[in-house]
Amino acid sequence: MNATMKPRHTALTAAALALALASVSASALSAAAAPAARAAKQQVSAVLTADSEHAGYEAWRAMDGDPSTLWHTNFSTAQTPLPHTLAADLRASREIKGFVLTPRQDGGANGVVVRYEAYVTDNPASLGTPAAAGTLPAQRGTKSPATVVFDTPKTGRHFILKVLSAQTDNPSFASVAELKLLSDAAVFRASAAGAPSADADFLKSAGPERAGEFSRLSYDIRNKGKFAKLADQTFLQDALILPDDRDPADVVLRRTEALLKDLDTRADSKFSAFTKQLNELKKESAQTPVADAEKRRALFVKICTLRREIAFSNPLLNFGDLLFVKKHRATFNHMCDQYYGVNLPAGGGVFILKNPFTKNTANTTANNATDAQQPELINLLKNSVVQSGRLAGKKLEGGSFLSPNISYDGKKLAFAYVECEGDKHQRFHTDPTRGHWHQGRSFHIFTCNIDGSDLRQITDGTWNDFDPCWLPNGRLAFITERRGGYLRCGRECPTYTLFDMNPDGSQIRCLSYHETNEWNPSVTHDGRILYTRWDYPDRHGCTAHQPWITTLDGRDPRHVYGNFTPRNKRPDMDLNVRAIPGSPKFISTAAPHHGQAYGSLTIIDPRVDDDDAMAPVKRLTPEIAFPESQGGTQVYGSAWPLSEKYHIAVADFSLAPGQGRQGGRYLRGDYGIYLVDAFGNKELIYRDPEIGCNSPMAIVARPLPPVPAQQISDKIENQPFLAPELEKQAGREKGKVLLVNAYESLRPLPKGVKIKALRVVQLIPMSVPSGRPPHEIGFREPTSGDSVVMARHVLGTVPVEEDGSAHFEVPPRREFMLQILDEEGLAVQSMRSSIYLHDGETLSCTGCHEQTASAPRPPSRAPKAFQRKPSQLTPDHPDARPFSYARLVQPIWDKHCVTCHDDARAKGNKKAINLGKTPIRSKWFASFNNLVPKFGFYSYGNPLRTYPGKFGARASKLYPLLKSGHGKVKLTPDELHRVALWLDCVSPFYGVYEKEGGEAQLRGEVVWPTLE
């Protein structure tokens, strides 16, 4: 076992542990280090609240005894201005002599207290005169604590710190690492639950699972306001904390009643006994005061015990076996890197839990069998030997497992496995026939029978192949790096996208020619592939990784929702998206960008029009905010839906907000398998204290979705990798695009504009690591500063009819975007997403862009373009394919501008900029460096969508200047078009990514990219 993976033998949450520690006597805590006089101090569990707090930086952290944690006001979308208050309820009236304030120790300055007022009172509604007020200059620029001693001791139950100003440029922020109250009689500590109820005795008697749930609910009750704000986004209101909820017993009683009511409508009279027991517990709850903490804790455990029996009696749990894999979290926290085999620690396997819902304890673990009726755990591949492939004759031992998938008949299993052997060196090259890793550090796909027999390796090589998915057409979809290329936002991550193959690994085919990563294929009820795509042409790298749908043969990929939603209004990512049985909706894990495939659970309704917010999405687990985009926690993952209300998922409640993010320490992950319902109940099914669980799924036969007609299924050719030579073969059947009306736009076009043509711009996948590109294609789009601008080629233009319709052919297997052009040939609007077509595919769309969930309005008459043969692309200037500023634009300046500007500069005219080739800075010509920032076009002015009419040459200062005539310069129509073409393509310099190609373009040579 890796030294960093020390096993934990309980499922004790961080919050429950804090509560247990808070109950330890002061003498036990101080005997080794404090004088005897201090050992007599009473340890008081205070309740800290604040008028504003950010997830992971809650008020209680300012009095938890740990200066590495801190309270911080909300710094996301719910910011409120200073002043802010931090209040401590001390449980009883106490004498306070002053306080010590420790500023944040993490090196940051935001929110550090400067001016303050402090109050000690028994009536927080009437503060009266401050016990102290002033400025804390010692806290500016230092980590040293500041001590404030009152003129005279003050007595009261409540201590309130009012922050009037803070060391920050943001007028909303306040922060405190530690607030220590000076008292001769007590030491004050706060915890997540803020109550002395979950003490060590309760932890021991209830067990870590129940104690952890009690702790979490106690914390949630203290933060009811958070739930009120999420009410309209939550799938069922029962999952919220409601105004009448007083303590955890109230919450579980209410939620259990909702569960029983739902099940009683679909089951037989066996639930009448549960109803009787629950009514007795309701009566006991009504008779037990909330102030009687010990009895309320006991009641909580009783309700949870009954809830477990009710939950496990659900008729939807009528399957016998549950399959899952055991695995550690990846060693690198990032949505891409978590699937590179080089980052997976060894350990785990494929397991079956037989009879998972028989009677067992609430704290079931691998080492905790207390009952003869405990489920039986089976290591599926313990005795299996690989029958084919490079690993034939070997057992799958010592590696890591990922993404199991069961066939529709319930008889076959596919999964990914990495040996965790060989060097971890990443290979950098532009050869599409090679991958980037040692074959022993790459995931490969295996199949076997559901009993572990006939184990076969069906893929191999130096690519990562994973996420196999059985398709209703008999093939296997999977995710692989065989597409080639890298992401564009700052590191060295190879791209992986959607492919399919035969179940024996033959006839590998590229389904997606998208240039950036894709994840987790599954199948919808109507027989299409549902997956996640990262879509960010000319946009920020954290912009969109939401669900997409495509046909079984890869045609017509379309986003489900969220492709243009501001980041703070939706999850960063939707991963492990699956169709819900008996419903048109999907279950999804709302996961982070800079993290792994865990977070909160959501329900997506693709029938709801996308409002660029949360309209199609409901929160199934509202207590967990979306990680990263909303400050949430990587708790839930890989849900297997049973219905809209019931799901089997993994969860690790010990994780705190911010943990598991890129740059943080390694977390092994204690993910257990839970039955999760929409009422807010969670019941542990199984947890292994040594290693996390992942991807639980029922071993049952499922209805086979329909197999829609496929246009390209009879043309499958083996594509084990993609290469330009393969792409350029003659004889491919072109794809066709049918556009009903180019004037149909979500954002109105400028008044009076006439659309005359469409420009087809090919996007070139990045063929070198973006973490160290040999050159930049051009200036980065300002709202997309983390992302390398894509190289692009202008394939040509096609006409648009008077009614806005177009009908044209494009080369297949090319990713492209469309621009609508006015009468001058200038772009009015441009896509910030992409399209590709397969051989012979016909794609139709209503406009730019239509609502994806709405049926298009039928035109009153057939569009004109549909009544004729498809248009052929009219090639544009040859130096826009491949794109080359050195050939397309610089000759214009050399001919008309350089001499005049040089002479003017020599005479001291500072307005005359250098339009020559030298000096070369940032590997760009002087003219490029001087023109683009002030006169060119590279900023869309919006991080997500394009403003029609405010794009490209139309929006630049350069084009109208040259068109109207600049001095004696009169450009020819061809020269003016070349400038406009450059500006409409977001003012690039290079058309290739590679070092050698870039140097050749600097010399004015024609160079083609290595990856198209």
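Predicted model: local features only at pLDDT ≥ 70, side-chain atom pairs only at ≥ 80, totals over all residues.
Residues are numbered from 1 along each chain as its sequence is written, and side-chain values use heavy atoms, with hydrogens and water left out.

The empty space inside comes first. Rolling a probe the size of a water molecule over the atoms shows where empty space is left. Here a cavity is a set of points, on a 1 Å grid over the protein atoms alone, where a 1.4 Å probe fits but cannot get out; its lining residues have an atom within 4 Å of a point. Grid points are joined across faces, edges and corners, and a volume is the space filled by probe spheres set on the points. By this rule there are six cavities of 30 Å³ or more.

The largest cavity holds about 340 Å³ of space. It is lined by 25 residues, and those closest to its centre are S403, D467, N520, N576 and S695. Several strands take part in this lining: β14 (400-406), β18 (465-470), β22 (518-523), β26 (573-579), β30 (636-641) and β34 (693-698) each supply at least two residues. Strands (E, at least two residues) and helices (H or I, at least four residues) are DSSP runs, numbered from the N terminus. By class, the lining of the largest cavity has 11 nonpolar, 11 polar and three charged residues. In this scheme Ala, Val, Leu, Ile, Met, Phe, Trp, Tyr, Cys and Pro count as nonpolar, Asp, Glu, Lys and Arg as charged, and the others, Gly among them, as polar.

The second largest cavity has a volume of about 150 Å³. Of its 17 lining residues, D431, P432, H436, G484 and G485 are the closest to the centre. This lining divides into five nonpolar, seven polar and five charged residues.

Next come the aromatic rings. A pair of aromatic rings is described by the distance of the centres and the angle of the planes. Rings of Phe, Tyr and Trp (its six-membered ring) pair if their centres lie within 6.5 Å; planes under 30 degrees apart count as stacked, over 60 as edge-to-face and the rest as tilted. The whole structure has 42 aromatic pairs.

One of them is the stacked pair of Y598 and Y671, with 4.0 Å centre to centre and 15° between the planes. Y598 lies in the loop between β27 (586-591) and β28 (600-604), and Y671 in the loop between β31 (646-651) and β32 (672-677), so the pair ties together parts that are 73 residues apart in sequence. Both Y598 and Y671 are buried, a term for under 20% relative accessible area, with exposed for over 50% and partly exposed in between (1.4 Å probe, protein chains only).

The rings of Y885 and W982 have their centres 5.3 Å apart and their planes at 55°, so this pair is tilted. Because Y885 lies in helix α10 (residues 885-888) and W982 in helix α16 (residues 973-984), the pair ties together parts 97 residues apart in sequence. Y885 is buried at 0% relative accessibility, and W982 is buried with a relative accessible area of 0%. Ring pairs link Y885 and W982 into a cluster with F779, W924, F925, F928, Y938, F989 and Y990.

Rings also meet charges. A charge sits over a ring if NZ of Lys or CZ of Arg is within 6 Å of the ring centre and within 35 degrees of the ring normal. R216 lies over the face of F653, at 3.9 Å from the ring centre, and the charged end of K950 sits over the ring of Y947, 5.9 Å from its centre.

Salt bridges, in which a side-chain nitrogen of Lys or Arg is within 4 Å of a carboxyl oxygen of Asp or Glu, number 60 in the whole structure. One of them joins D535 and R539 (3.1 Å, N to O), and both D535 and R539 are buried. Another joins R868 and E801 (2.8 Å, N to O). This pair links distant parts of the chain, 67 residues apart: R868 is in the loop between β41 (842-845) and α10, and E801 in the loop between β37 (791-799) and β38 (806-810). R868 is partly exposed, with a relative accessible area of 25%, and E801 is partly exposed with 22%.

S787 counts as buried at 3% relative accessibility. S787 and Y536 are 251 residues apart in sequence and 8.6 Å apart in space, C-alpha to C-alpha.

Note on methods
1 Å grid on protein atoms, 1.4 Å probe; cavity = no way out; pocket = protein on both sides within 12 Å on 5 of 7 lines; lining within 4 Å.
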